[in-house]
Amino acid sequence: MAEIRDAEITIVGGGAIGCAVAYALARAGYRDIQVVEQGELAGATSGQAAGLVGQVRASQERCLLAMASVAAYARIEQETGYPADWRQTGSVRIAMTAERAAEFRALAAVARSAGLEVEFLAAARLAELCPMLDTTGVTAALWCPTDGYLQPNSLVMAYARAARDRGVSFATHTTVTGLRITGGTVTGVRTDRRAVVTDLVINAAGPWASAVARLAGLQLPVVPVRHEYFVTRAVPGWHAGLPVLRIPDLRLYARAEGPGILCGGWEADGLSLDPRQVGIGQALAVSPDWDVLSGFAADFARLAPPVTQAEVREVFRGFPAFAPDGRFIVGPVPGLRGFVMAAACNAHGVSGSAGLAQHVLESLQPDPSPYVRSLSPGRYLPRAWDWESVRARAEQVYENYYALAQSPRS
Ligand SMILES: Cc1cc2nc3c(=O)[nH]c(=O)nc-3n(C[C@H](O)[C@H](O)[C@H](O)COP(=O)(O)OP(=O)(O)OC[C@H]3O[C@@H](n4cnc5c(N)ncnc54)[C@H](O)[C@@H]3O)c2cc1C
(Lines give C-alpha, C1' and ligand atoms only; values in the text may rest on other atoms or scores of the structure.)
Protein backbone atom coordinates (compact mmCIF):
# COMPACT_ATOMS: atom_id res chain seq x y z
CA MET A 1 0.00 0.00 0.00
CA ALA A 2 1.09 3.55 -0.74
CA GLU A 3 2.46 6.06 1.75
CA ILE A 4 0.44 9.10 2.79
CA ARG A 5 1.27 11.99 0.42
CA ASP A 6 0.16 15.46 -0.63
CA ALA A 7 -2.95 15.13 -2.77
CA GLU A 8 -5.70 17.34 -4.12
CA ILE A 9 -8.38 15.08 -2.63
CA THR A 10 -8.01 13.04 0.56
CA ILE A 11 -10.75 10.58 1.45
CA VAL A 12 -10.78 9.53 5.12
CA GLY A 13 -11.95 5.92 5.38
CA GLY A 14 -11.45 2.86 3.22
CA GLY A 15 -14.83 1.19 3.70
CA ALA A 16 -17.56 0.77 1.10
CA ILE A 17 -18.26 4.50 1.03
CA GLY A 18 -14.67 5.78 0.88
CA CYS A 19 -13.74 3.31 -1.86
CA ALA A 20 -16.97 3.87 -3.83
CA VAL A 21 -16.41 7.63 -3.69
CA ALA A 22 -12.76 7.21 -4.77
CA TYR A 23 -13.85 5.12 -7.74
CA ALA A 24 -16.73 7.46 -8.69
CA LEU A 25 -14.48 10.55 -8.56
CA ALA A 26 -11.67 8.90 -10.53
CA ARG A 27 -14.14 7.64 -13.11
CA ALA A 28 -15.60 11.13 -13.45
CA GLY A 29 -12.15 12.51 -14.26
CA TYR A 30 -11.00 13.86 -10.88
CA ARG A 31 -7.25 13.38 -10.44
CA ASP A 32 -4.77 13.22 -7.57
CA ILE A 33 -6.93 11.32 -5.08
CA GLN A 34 -5.82 9.32 -2.06
CA VAL A 35 -7.73 7.21 0.44
CA VAL A 36 -6.40 7.15 4.00
CA GLU A 37 -7.48 4.18 6.11
CA GLN A 38 -6.49 3.55 9.71
CA GLY A 39 -6.70 -0.24 9.30
CA GLU A 40 -7.30 -2.45 6.28
CA LEU A 41 -9.73 -1.68 3.47
CA ALA A 42 -13.18 -3.04 4.42
CA GLY A 43 -11.74 -3.83 7.83
CA ALA A 44 -14.49 -2.12 9.84
CA THR A 45 -18.28 -1.98 9.33
CA SER A 46 -18.32 -2.79 5.62
CA GLY A 47 -16.61 -6.16 6.05
CA GLN A 48 -19.32 -7.23 8.51
CA ALA A 49 -22.32 -6.42 6.32
CA ALA A 50 -24.81 -9.02 5.12
CA GLY A 51 -24.62 -7.68 1.59
CA LEU A 52 -28.38 -7.50 1.00
CA VAL A 53 -29.35 -5.19 -1.83
CA GLY A 54 -33.04 -4.34 -1.86
CA GLN A 55 -34.77 -1.89 -4.15
CA VAL A 56 -38.32 -1.82 -2.75
CA ARG A 57 -38.56 1.42 -0.78
CA ALA A 58 -41.19 3.79 0.50
CA SER A 59 -40.14 6.72 -1.67
CA GLN A 60 -39.49 6.91 -5.38
CA GLU A 61 -36.13 8.64 -4.82
CA ARG A 62 -34.83 5.88 -2.55
CA CYS A 63 -36.16 3.30 -4.99
CA LEU A 64 -34.35 4.94 -7.92
CA LEU A 65 -31.13 5.17 -5.88
CA ALA A 66 -31.31 1.47 -5.08
CA MET A 67 -32.08 0.63 -8.70
CA ALA A 68 -29.01 2.60 -9.79
CA SER A 69 -26.93 0.67 -7.26
CA VAL A 70 -28.21 -2.69 -8.55
CA ALA A 71 -27.45 -1.66 -12.11
CA ALA A 72 -23.93 -0.73 -10.98
CA TYR A 73 -23.37 -4.08 -9.20
CA ALA A 74 -24.68 -6.04 -12.18
CA ARG A 75 -22.11 -4.40 -14.45
CA ILE A 76 -19.22 -3.75 -12.05
CA GLU A 77 -17.22 -6.81 -13.05
CA GLN A 78 -17.60 -6.05 -16.72
CA GLU A 79 -16.79 -2.39 -16.13
CA THR A 80 -13.85 -2.78 -13.74
CA GLY A 81 -12.65 -6.30 -14.38
CA TYR A 82 -13.13 -7.10 -10.68
CA PRO A 83 -16.03 -9.13 -9.25
CA ALA A 84 -18.36 -8.01 -6.44
CA ASP A 85 -19.81 -11.54 -6.23
CA TRP A 86 -23.22 -10.09 -6.98
CA ARG A 87 -26.02 -12.70 -7.06
CA GLN A 88 -29.32 -11.63 -8.55
CA THR A 89 -31.43 -14.14 -6.63
CA GLY A 90 -34.50 -11.95 -6.30
CA SER A 91 -36.05 -11.18 -2.95
CA VAL A 92 -39.32 -11.97 -1.23
CA ARG A 93 -40.83 -9.59 1.31
CA ILE A 94 -43.15 -11.57 3.52
CA ALA A 95 -46.17 -10.15 5.39
CA MET A 96 -47.71 -11.93 8.36
CA THR A 97 -50.51 -9.45 9.08
CA ALA A 98 -53.23 -7.73 7.05
CA GLU A 99 -51.77 -4.28 7.85
CA ARG A 100 -48.41 -5.34 6.45
CA ALA A 101 -50.05 -6.71 3.32
CA ALA A 102 -51.67 -3.28 2.83
CA GLU A 103 -48.26 -1.63 3.28
CA PHE A 104 -46.83 -3.95 0.62
CA ARG A 105 -49.52 -2.77 -1.80
CA ALA A 106 -48.39 0.82 -1.22
CA LEU A 107 -44.73 -0.23 -1.64
CA ALA A 108 -45.58 -2.04 -4.87
CA ALA A 109 -47.23 1.13 -6.20
CA VAL A 110 -44.08 3.17 -5.40
CA ALA A 111 -41.88 0.51 -6.99
CA ARG A 112 -43.94 0.46 -10.17
CA SER A 113 -43.95 4.26 -10.35
CA ALA A 114 -40.14 4.08 -10.31
CA GLY A 115 -40.14 1.44 -13.04
CA LEU A 116 -39.13 -1.41 -10.71
CA GLU A 117 -40.62 -4.82 -11.48
CA VAL A 118 -42.43 -6.34 -8.49
CA GLU A 119 -45.14 -8.96 -8.22
CA PHE A 120 -47.35 -10.47 -5.51
CA LEU A 121 -46.79 -14.20 -5.31
CA ALA A 122 -49.58 -16.76 -5.14
CA ALA A 123 -49.01 -19.43 -2.48
CA ALA A 124 -47.90 -22.06 -5.03
CA ARG A 125 -45.33 -19.75 -6.59
CA LEU A 126 -44.02 -18.74 -3.14
CA ALA A 127 -43.60 -22.42 -2.26
CA GLU A 128 -41.76 -22.97 -5.55
CA LEU A 129 -39.36 -20.06 -4.98
CA CYS A 130 -38.88 -20.76 -1.26
CA PRO A 131 -39.34 -24.50 -0.74
CA MET A 132 -37.39 -24.33 2.54
CA LEU A 133 -40.06 -22.16 4.23
CA ASP A 134 -43.19 -23.05 6.16
CA THR A 135 -45.48 -20.38 4.77
CA THR A 136 -48.47 -20.98 7.08
CA GLY A 137 -49.49 -17.57 8.37
CA VAL A 138 -48.12 -15.61 5.42
CA THR A 139 -50.65 -12.95 4.35
CA ALA A 140 -48.74 -11.59 1.34
CA ALA A 141 -45.42 -12.10 -0.44
CA LEU A 142 -43.92 -9.39 -2.62
CA TRP A 143 -41.35 -10.61 -5.14
CA CYS A 144 -38.68 -8.39 -6.64
CA PRO A 145 -36.82 -10.48 -9.22
CA THR A 146 -33.91 -8.05 -9.69
CA ASP A 147 -32.90 -7.85 -6.00
CA GLY A 148 -30.08 -9.96 -4.60
CA TYR A 149 -26.96 -9.91 -2.49
CA LEU A 150 -23.23 -9.47 -2.84
CA GLN A 151 -20.11 -10.09 -0.81
CA PRO A 152 -19.24 -6.74 0.79
CA ASN A 153 -15.49 -7.45 0.88
CA SER A 154 -15.47 -8.23 -2.80
CA LEU A 155 -17.39 -5.04 -3.58
CA VAL A 156 -14.99 -2.85 -1.60
CA MET A 157 -12.00 -4.50 -3.26
CA ALA A 158 -13.57 -4.07 -6.71
CA TYR A 159 -14.03 -0.33 -6.07
CA ALA A 160 -10.52 -0.01 -4.65
CA ARG A 161 -8.79 -1.92 -7.45
CA ALA A 162 -10.71 -0.06 -10.13
CA ALA A 163 -9.88 3.24 -8.43
CA ARG A 164 -6.21 2.25 -8.20
CA ASP A 165 -6.22 1.43 -11.92
CA ARG A 166 -7.31 5.05 -12.42
CA GLY A 167 -4.46 6.45 -10.31
CA VAL A 168 -5.98 6.63 -6.81
CA SER A 169 -3.52 5.77 -4.03
CA PHE A 170 -4.39 4.03 -0.76
CA ALA A 171 -2.51 4.70 2.48
CA THR A 172 -3.63 1.99 4.88
CA HIS A 173 -2.62 1.69 8.55
CA THR A 174 -2.58 5.47 8.63
CA THR A 175 -4.88 7.42 10.95
CA VAL A 176 -6.01 10.96 10.26
CA THR A 177 -5.51 12.75 13.58
CA GLY A 178 -6.04 16.39 12.68
CA LEU A 179 -6.92 18.90 9.98
CA ARG A 180 -5.14 22.07 9.01
CA ILE A 181 -7.64 24.86 8.43
CA THR A 182 -6.52 28.26 7.21
CA GLY A 183 -8.99 31.12 6.93
CA GLY A 184 -12.06 28.86 6.77
CA THR A 185 -10.47 26.51 4.23
CA VAL A 186 -9.07 23.02 4.77
CA THR A 187 -5.48 23.00 3.60
CA GLY A 188 -4.08 19.78 5.01
CA VAL A 189 -4.42 16.72 7.18
CA ARG A 190 -2.26 15.46 10.01
CA THR A 191 -1.83 11.74 10.44
CA ASP A 192 -0.01 9.42 12.81
CA ARG A 193 2.70 9.26 10.09
CA ARG A 194 3.10 12.78 8.82
CA ALA A 195 1.19 15.91 7.83
CA VAL A 196 0.27 16.44 4.20
CA VAL A 197 -1.20 19.16 2.04
CA THR A 198 -4.64 18.64 0.54
CA ASP A 199 -7.42 20.80 -0.96
CA LEU A 200 -10.44 18.64 -0.24
CA VAL A 201 -11.13 16.21 2.60
CA ILE A 202 -14.02 13.75 2.24
CA ASN A 203 -15.16 12.31 5.55
CA ALA A 204 -16.15 8.68 4.87
CA ALA A 205 -15.17 7.46 8.32
CA GLY A 206 -18.34 5.44 9.02
CA PRO A 207 -18.99 5.20 12.78
CA TRP A 208 -16.00 7.49 13.37
CA ALA A 209 -17.41 10.22 11.09
CA SER A 210 -18.48 12.36 14.05
CA ALA A 211 -14.95 12.18 15.49
CA VAL A 212 -13.41 13.18 12.16
CA ALA A 213 -15.92 16.06 11.86
CA ARG A 214 -14.86 17.22 15.35
CA LEU A 215 -11.34 17.67 13.96
CA ALA A 216 -12.91 20.47 11.89
CA GLY A 217 -14.70 21.88 14.94
CA LEU A 218 -18.06 20.46 13.78
CA GLN A 219 -20.64 18.71 15.96
CA LEU A 220 -22.38 16.32 13.58
CA PRO A 221 -24.86 13.72 14.83
CA VAL A 222 -23.54 10.49 13.33
CA VAL A 223 -24.52 7.83 15.85
CA PRO A 224 -23.10 4.28 15.83
CA VAL A 225 -25.85 1.74 16.61
CA ARG A 226 -25.03 -1.91 17.19
CA HIS A 227 -26.20 -4.46 14.62
CA GLU A 228 -25.53 -8.19 14.31
CA TYR A 229 -26.54 -11.38 12.53
CA PHE A 230 -25.57 -15.04 12.63
CA VAL A 231 -24.62 -17.58 9.97
CA THR A 232 -25.29 -21.28 10.59
CA ARG A 233 -23.60 -24.39 9.34
CA ALA A 234 -25.30 -26.23 6.45
CA VAL A 235 -29.05 -26.71 6.75
CA PRO A 236 -30.85 -29.11 4.37
CA GLY A 237 -32.72 -27.26 1.61
CA TRP A 238 -30.66 -24.07 1.82
CA HIS A 239 -28.37 -23.02 -1.04
CA ALA A 240 -26.87 -19.81 -2.37
CA GLY A 241 -29.44 -19.36 -5.16
CA LEU A 242 -32.43 -18.88 -2.85
CA PRO A 243 -34.08 -15.45 -2.73
CA VAL A 244 -33.27 -12.93 -0.01
CA LEU A 245 -36.05 -12.79 2.60
CA ARG A 246 -37.38 -9.79 4.53
CA ILE A 247 -40.00 -10.45 7.18
CA PRO A 248 -40.77 -7.02 8.63
CA ASP A 249 -43.48 -8.30 11.02
CA LEU A 250 -40.76 -10.37 12.71
CA ARG A 251 -38.20 -7.52 12.29
CA LEU A 252 -35.97 -10.01 10.44
CA TYR A 253 -34.04 -10.54 7.24
CA ALA A 254 -32.47 -13.78 6.06
CA ARG A 255 -30.73 -15.34 3.11
CA ALA A 256 -28.65 -18.38 2.34
CA GLU A 257 -24.92 -18.06 2.93
CA GLY A 258 -23.70 -21.02 0.90
CA PRO A 259 -25.58 -23.98 2.40
CA GLY A 260 -26.18 -22.20 5.72
CA ILE A 261 -28.74 -19.68 6.96
CA LEU A 262 -27.82 -16.04 7.50
CA CYS A 263 -30.35 -14.35 9.78
CA GLY A 264 -30.33 -10.90 11.33
CA GLY A 265 -32.78 -8.37 12.61
CA TRP A 266 -33.58 -5.02 14.14
CA GLU A 267 -34.14 -5.53 17.82
CA ALA A 268 -36.78 -3.42 19.54
CA ASP A 269 -34.26 -1.95 21.95
CA GLY A 270 -31.34 -0.53 19.97
CA LEU A 271 -27.94 0.03 21.57
CA SER A 272 -26.05 3.13 20.49
CA LEU A 273 -22.72 4.70 21.35
CA ASP A 274 -22.43 8.33 22.37
CA PRO A 275 -20.63 9.92 19.39
CA ARG A 276 -18.74 12.19 21.80
CA GLN A 277 -17.17 9.10 23.38
CA VAL A 278 -15.99 7.63 20.06
CA GLY A 279 -12.50 9.02 19.66
CA ILE A 280 -10.17 9.07 16.69
CA GLY A 281 -8.62 5.64 16.20
CA GLN A 282 -10.67 4.07 18.99
CA ALA A 283 -11.45 0.37 18.52
CA LEU A 284 -15.19 -0.33 18.42
CA ALA A 285 -15.38 -3.90 19.64
CA VAL A 286 -18.75 -5.61 19.97
CA SER A 287 -19.36 -9.08 21.42
CA PRO A 288 -22.17 -11.30 20.13
CA ASP A 289 -25.33 -10.71 22.16
CA TRP A 290 -26.68 -14.25 22.39
CA ASP A 291 -30.02 -13.18 23.90
CA VAL A 292 -30.70 -11.02 20.88
CA LEU A 293 -29.38 -13.58 18.38
CA SER A 294 -31.36 -16.48 19.84
CA GLY A 295 -34.44 -14.20 19.74
CA PHE A 296 -33.86 -13.78 15.98
CA ALA A 297 -33.59 -17.57 15.60
CA ALA A 298 -36.73 -18.25 17.66
CA ASP A 299 -38.73 -15.76 15.57
CA PHE A 300 -37.38 -17.01 12.25
CA ALA A 301 -38.28 -20.58 13.28
CA ARG A 302 -41.92 -19.67 12.57
CA LEU A 303 -40.94 -19.82 8.89
CA ALA A 304 -37.79 -21.97 9.00
CA PRO A 305 -38.10 -24.38 11.97
CA PRO A 306 -34.62 -25.99 11.54
CA VAL A 307 -32.89 -22.68 12.31
CA THR A 308 -33.07 -23.20 16.07
CA GLN A 309 -31.31 -26.58 15.82
CA ALA A 310 -28.57 -25.41 13.44
CA GLU A 311 -25.12 -24.76 14.82
CA VAL A 312 -24.01 -21.14 14.53
CA ARG A 313 -20.83 -20.90 12.45
CA GLU A 314 -20.15 -17.18 12.86
CA VAL A 315 -21.62 -13.97 14.21
CA PHE A 316 -21.06 -10.76 12.25
CA ARG A 317 -21.48 -7.49 14.07
CA GLY A 318 -20.56 -3.84 14.15
CA PHE A 319 -21.76 -0.29 14.52
CA PRO A 320 -23.40 1.07 11.38
CA ALA A 321 -23.83 4.84 11.67
CA PHE A 322 -27.24 6.48 11.84
CA ALA A 323 -28.43 10.08 11.59
CA PRO A 324 -31.33 11.15 13.82
CA ASP A 325 -33.52 11.77 10.74
CA GLY A 326 -32.54 8.48 9.10
CA ARG A 327 -31.07 10.23 6.04
CA PHE A 328 -27.57 10.30 4.57
CA ILE A 329 -25.28 13.20 5.43
CA VAL A 330 -23.66 14.02 2.12
CA GLY A 331 -21.97 17.03 0.60
CA PRO A 332 -19.80 20.06 1.36
CA VAL A 333 -20.05 21.61 4.81
CA PRO A 334 -21.38 25.17 4.44
CA GLY A 335 -18.93 27.72 5.80
CA LEU A 336 -15.90 25.45 5.70
CA ARG A 337 -14.34 25.15 2.27
CA GLY A 338 -12.76 21.84 1.38
CA PHE A 339 -14.62 19.59 3.84
CA VAL A 340 -17.21 17.16 2.49
CA MET A 341 -19.31 14.57 4.32
CA ALA A 342 -20.12 11.07 3.05
CA ALA A 343 -21.59 9.47 6.15
CA ALA A 344 -24.62 8.27 8.15
CA CYS A 345 -25.51 5.41 5.85
CA ASN A 346 -28.23 4.16 8.22
CA ALA A 347 -27.22 0.51 7.64
CA HIS A 348 -27.54 1.00 3.92
CA GLY A 349 -23.94 1.80 3.13
CA VAL A 350 -22.98 -1.33 1.25
CA SER A 351 -26.07 -1.65 -0.91
CA GLY A 352 -26.32 2.10 -1.33
CA SER A 353 -22.61 2.76 -1.84
CA ALA A 354 -22.70 3.13 -5.62
CA GLY A 355 -25.64 5.53 -5.48
CA LEU A 356 -24.31 7.43 -2.50
CA ALA A 357 -20.98 7.94 -4.26
CA GLN A 358 -22.89 9.48 -7.15
CA HIS A 359 -24.58 11.84 -4.68
CA VAL A 360 -21.16 12.90 -3.36
CA LEU A 361 -20.00 13.51 -6.91
CA GLU A 362 -23.13 15.53 -7.67
CA SER A 363 -22.77 17.54 -4.45
CA LEU A 364 -19.41 18.80 -5.71
CA GLN A 365 -20.98 20.19 -8.90
CA PRO A 366 -22.33 23.74 -9.11
CA ASP A 367 -26.04 22.82 -9.22
CA PRO A 368 -26.93 19.60 -7.37
CA SER A 369 -30.52 18.34 -7.47
CA PRO A 370 -32.92 19.35 -4.67
CA TYR A 371 -32.69 15.79 -3.33
CA VAL A 372 -28.89 15.86 -3.07
CA ARG A 373 -29.05 19.36 -1.54
CA SER A 374 -31.47 18.00 1.06
CA LEU A 375 -28.77 15.59 2.26
CA SER A 376 -26.39 18.45 3.08
CA PRO A 377 -24.71 18.48 6.50
CA GLY A 378 -25.96 22.09 6.60
CA ARG A 379 -29.26 20.80 7.98
CA TYR A 380 -27.44 19.99 11.20
CA LEU A 381 -25.32 23.13 11.51
CA PRO A 382 -24.75 25.04 13.65
CA ARG A 383 -26.56 23.27 16.48
CA ALA A 384 -26.02 22.71 20.18
CA TRP A 385 -27.07 19.11 20.62
CA ASP A 386 -28.88 17.36 23.37
CA TRP A 387 -26.80 14.26 22.69
CA GLU A 388 -29.04 11.92 24.65
CA SER A 389 -32.01 12.84 22.49
CA VAL A 390 -29.85 12.56 19.34
CA ARG A 391 -28.96 9.03 20.39
CA ALA A 392 -32.58 8.19 21.21
CA ARG A 393 -33.70 9.39 17.77
CA ALA A 394 -30.96 7.45 15.97
CA GLU A 395 -31.92 4.33 17.95
CA GLN A 396 -35.52 4.85 16.91
CA VAL A 397 -34.49 4.95 13.25
CA TYR A 398 -32.76 1.62 13.84
CA GLU A 399 -35.63 0.08 15.82
CA ASN A 400 -38.20 1.23 13.26
CA TYR A 401 -36.27 -0.05 10.28
CA TYR A 402 -39.15 -2.33 9.37
CA ALA A 403 -41.91 -0.45 11.22
CA LEU A 404 -45.16 0.01 9.33
CA ALA A 405 -45.19 3.78 9.33
CA GLN A 406 -41.53 4.11 8.36
CA SER A 407 -39.80 3.73 5.06
CA PRO A 408 -38.31 0.26 4.58
CA ARG A 409 -34.66 1.01 4.02
CA SER A 410 -32.96 -2.36 3.76
C1 LIG B 1 -23.87 -6.78 11.03
C2 LIG B 1 -24.09 -5.74 9.95
C3 LIG B 1 -24.86 -6.07 8.83
C4 LIG B 1 -25.07 -5.12 7.83
N5 LIG B 1 -25.75 -5.49 6.70
C6 LIG B 1 -25.88 -4.60 5.68
C7 LIG B 1 -26.51 -4.98 4.44
O8 LIG B 1 -26.97 -6.11 4.27
N9 LIG B 1 -26.60 -4.05 3.45
C10 LIG B 1 -26.10 -2.79 3.60
O11 LIG B 1 -26.18 -1.99 2.69
N12 LIG B 1 -25.49 -2.42 4.74
C13 LIG B 1 -25.38 -3.29 5.78
N14 LIG B 1 -24.77 -2.90 6.93
C15 LIG B 1 -24.34 -1.50 7.07
C16 LIG B 1 -23.07 -1.27 6.31
O17 LIG B 1 -22.08 -2.18 6.75
C18 LIG B 1 -22.61 0.17 6.51
O19 LIG B 1 -23.65 1.08 6.15
C20 LIG B 1 -21.39 0.45 5.63
O21 LIG B 1 -20.41 -0.52 5.84
C22 LIG B 1 -20.85 1.81 5.91
O23 LIG B 1 -19.66 1.95 5.16
P24 LIG B 1 -18.61 3.07 5.53
O25 LIG B 1 -17.58 3.02 4.49
O26 LIG B 1 -19.35 4.34 5.78
O27 LIG B 1 -18.07 2.63 6.98
P28 LIG B 1 -16.86 1.65 7.37
O29 LIG B 1 -16.91 0.39 6.60
O30 LIG B 1 -16.86 1.56 8.84
O31 LIG B 1 -15.60 2.44 6.87
C32 LIG B 1 -15.12 3.60 7.55
C33 LIG B 1 -13.62 3.47 7.56
O34 LIG B 1 -13.04 4.67 8.05
C35 LIG B 1 -11.86 4.32 8.73
N36 LIG B 1 -11.50 5.44 9.59
C37 LIG B 1 -12.23 5.95 10.61
N38 LIG B 1 -11.58 6.98 11.18
C39 LIG B 1 -10.40 7.12 10.52
C40 LIG B 1 -9.30 8.03 10.66
N41 LIG B 1 -9.29 8.98 11.60
N42 LIG B 1 -8.26 7.90 9.81
C43 LIG B 1 -8.26 6.91 8.86
N44 LIG B 1 -9.28 6.04 8.70
C45 LIG B 1 -10.34 6.15 9.51
C46 LIG B 1 -12.25 3.06 9.49
O47 LIG B 1 -11.12 2.28 9.86
C48 LIG B 1 -13.15 2.35 8.49
O49 LIG B 1 -12.48 1.37 7.73
C50 LIG B 1 -24.53 -3.82 7.95
C51 LIG B 1 -23.75 -3.51 9.07
C52 LIG B 1 -23.52 -4.46 10.06
C53 LIG B 1 -22.67 -4.12 11.24
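Proline 382 sits in the loop between helix 9 (370-374) and helix 10 (387-399), where helices are DSSP runs of H or I with at least four residues and strands are DSSP runs of E with at least two, both numbered from the N terminus. This is a predicted model, in which local features need pLDDT of at least 70, side-chain atom pairs count only at pLDDT 80 or more, and totals for chains, interfaces and linings use all residues. Residues are numbered from 1 along each chain as its sequence is written, and side-chain values use heavy atoms, with hydrogens and water left out.

The bond between leucine 381 and proline 382 is a cis peptide bond, with omega about -20 degrees. Alanine 42, in the loop between strand 2 (33-36) and strand 3 (52-53), has a positive phi of about 60 degrees, although alanine 42 is not a glycine. Most residues other than glycine have a negative phi, and most peptide bonds are trans.

We can turn now to the helices. Two packed helices are described by the angle between their axes and the distance between the axes. Helix 1 and helix 5 pack at an angle of about 35 degrees with their axes 8 Å apart; the axes are lines fitted to C-alpha atoms over the stretch in contact, and angles run from 0 to 180 degrees between N-to-C directions. Their contact (heavy atoms within 4.5 Å) involves Ala16, Cys19, Ala20, Ala22 and Tyr23 of helix 1, together with Val156, Tyr159, Ala160, Ala162 and Ala163 of helix 5. By class, this contact has ten nonpolar, no polar and no charged residues, where Ala, Val, Leu, Ile, Met, Phe, Trp, Tyr, Cys and Pro count as nonpolar, Asp, Glu, Lys and Arg as charged, and the others, Gly among them, as polar.

Helix 2 (residues 60-80) also packs with helix 5 (residues 152-165), at an angle of about 40 degrees and with the axes 11 Å apart. Here Tyr73, Ile76 and Thr80 of helix 2 meet Leu155, Ala158, Tyr159 and Ala162 of helix 5, and these residues divide into six nonpolar, one polar and no charged.

Finally, there is the ligand. Of the 40 residues around the ligand, Glu37, Thr45, Ser46, Gly349 and Ser351 come nearest, a residue being near if one of its heavy atoms lies within 4 Å. A side-chain N or O atom of serine 46 is 2.6 Å from an oxygen atom of the ligand, while a backbone N or O atom of glycine 349 lies 2.8 Å from an oxygen atom of the ligand.

Methods
A polar contact is a pair of N or O atoms within 3.5 Å; within protein, one must be able to donate a hydrogen and the other to accept it, and residues adjacent in sequence count only if both atoms are side-chain atoms.
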